[in-house]
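Welcome! Have the structure open as you read.

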Amino acid sequence: MKHKLRFRMILLAALAVVCAGAICFAATPNTCVNCHTNESLMKAMYKPPVLPPSEGEG
Amino acid sequence: MYKGFVVDRELLAKDPHFRTGCILCHSGDPREMQKEKAHKGLLKKPSAALSSCGVCHKEIAENYSKSLHFTSAGQRTGVMPRFSAAELKIFDEKVFEKSCRSCHASCGDCHVKGAPVDGISIGLIAKHKFVKKDEGKTCAFCHGGRVYPEYVGEYGGAPDVHYQKGMLCMDCHKKDEFHGDGNAYASKQHVKGRPACANCHKPGSETNPAARESHETHADKVSCFGCHSGAAYRNCNTCHNGHSAASPGMILGRSPRDKKILTTLRLIPTVRDTFAPSGIKMENYDQVPNYWDTPAHNIRKRTDRTRRCDTCHEKRKNFLTKETLLENGSRANEELIFVPKPIKQQTKK
């Protein structure tokens with residue numbers, strides 16, 4: 001009984017850590033996510049690379 | 001191409017790789033609104049340092065640090081017999097790390113974002129999902145100059161029969177071949193557990209008696225590719241340093257690694273002045289031929305060589321000859337010429 005209770009406590013604690021991490025990640029202001037999950041914004045900001053003259057690759 | 005930078009928001013909640021946020025791997029400043037400021041100190045390729053993935057994937061990262069996809073050692077091994085000791089030193093300092101090794105793959109190149117080739121990349125393979133494999137977006141991109149288009153039939157010949165049966169790269173090339181087994185091999189020829197036709201196609205299991213007879217007759221004399229390569233494949237005629245020429249062809253000759261075996265050869269792009277811009281003349285250029293044995297990835301069950309014995313034994317079709325040798329090529333090329341014995345009778349298939 002004691003062992004079962006301890007096991008459940010450890011499981012709950014681990015779950016709490018995982019949830020806290022996810023919440024923190026979601027709550028923290030994050031321009032990385034705001035920009036890179038916005039397809040229209042990526043399309044507007046994207047600049048094709050300027051390539052040197054080249055005839056081929058491997 | 002902008003889609004290559006778009007991340008799937010749903011992944012952020014589900015995938016454990018995102019639990020600690022973006023900056024742990026990528027650095028940068030997520031508080032800044034302007035791109036240039038947000039990207040200050042940005043690590044575009046965090047997995048180039050294997051330690052980043054190695055935090056959780058320790059054994060894989062340790063093995064991979066010695067694998068050929070990471071070290072590109074095979075390229076060095078292939079060319080270095082042409083160098084003197086002094087030239088090898090110059091090559092190591094000026095050429096290998098900056099040029100050849102730029103092709104080495106990080107973890108992310110296979111699992112997250114396609115590797116750039118000549119500045120072009122497909123971007124994120126699946127919106128920043130960490131994929132186990134996606135050969136059409138990874139293998140195909142880096143090996144898209146020769147092997148992959150041969151395999152899928154984009155190079156003009158029929159596709160490889162294995163491709164037609166629904167097999168892709170990793171059906172034969174297992175993940176241990178890429179991740180490595182902890183051994184630092186000098187080249188792919190030394191890697192244990194490489195694909196071999198006989199792994200699936202056991203000699204003696206043929207249902208066609210003529211095929212079994214032919215296999216027995218040519219065992220240890222002709223490679224599988226020698227008879228079953230289905231069409232011409234790409235041969236590269238000059239170096240890739242700003243100028244290159246590739247032309248199709250099938251070349252049959254002695255394997256430079258085992259001259260008792262007749263096989264498909266591929267012209268490789270190392271000519272006498274390949275490394276001249278770095279001050280390397282290649283003093284031992286003629287020690288190594290310009291043709292390597294190649295496992296042409298365009299296999300067909302039936303070819304002109306399996307149908308008629310005289311294709312090789314009388315017509316000598318596609319065989320390397322003195323007349324077809326690369327102009328101003330290595331003197332070692334002549335050792336690869338093979339003249340098959342004429343035979344009187346043909347085996348009907």
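The notes below cover a charged surface patch and some aromatic ring pairs. Please keep in mind that this is a predicted model.

**A positive patch**

- On the surface, Lys47(A), Lys35(B), Lys44(B) and Lys113(B) come together in a patch of positive charge.
- To find Lys113(B), look in the loop of chain B between α9 (107-111) and α10 (139-142).
- Lys113(B) has a relative accessible area of 30%, so this residue is partly exposed.

**An edge-to-face ring pair**

- Over all chains, the structure holds nine aromatic pairs.
- One of them is formed by Phe18(B) and Phe130(B): the pair counts as edge-to-face because the ring planes stand at 70 degrees, and the ring centres are 6.0 Å apart.
- Phe18(B) is buried, at a relative accessible area of 7%, whereas Phe130(B) is partly exposed, at 29%.

**A tilted pair and its cluster**

- The rings of Phe83(B) and Phe91(B) have centres 4.9 Å apart and planes at 40 degrees, so this pair is tilted.
- Phe83(B) is buried, with 6% relative accessibility, and Phe91(B) is buried too, with a relative accessible area of 0%.
- Phe83(B) and Phe91(B) also belong to a cluster, where ring pairs link them with Phe96(B) and Phe275(B).

Methods:
Residues numbered from 1 in each chain as written. Chains lettered and ligands numbered in written order. Predicted model: local features only at pLDDT ≥ 70, side-chain atom pairs only at ≥ 80, totals over all residues. Heavy atoms only, no water. Patch = residues over 30% accessible without salt bridge, like charges linked within 9 Å, V, L, I, M, F, W, Y side chains within 5 Å. Areas by Shrake-Rupley, 256 points an atom, 1.4 Å probe, with all protein chains shown as cover. Salt bridge = Lys/Arg side-chain N within 4 Å of Asp/Glu carboxyl O. Lys, Arg positive; Asp, Glu negative; His and termini not counted. Charge placed at Lys NZ, Arg CZ, Asp CG, Glu CD. Helix = DSSP H or I, 4+ residues; strand = E, 2+ residues; numbered from the N terminus. Buried < 20%, exposed > 50% of the residue type's maximum accessible area, 1.4 Å probe, protein only. Phe/Tyr/Trp six-rings, centres within 6.5 Å; stacked < 30°, edge-to-face > 60°.
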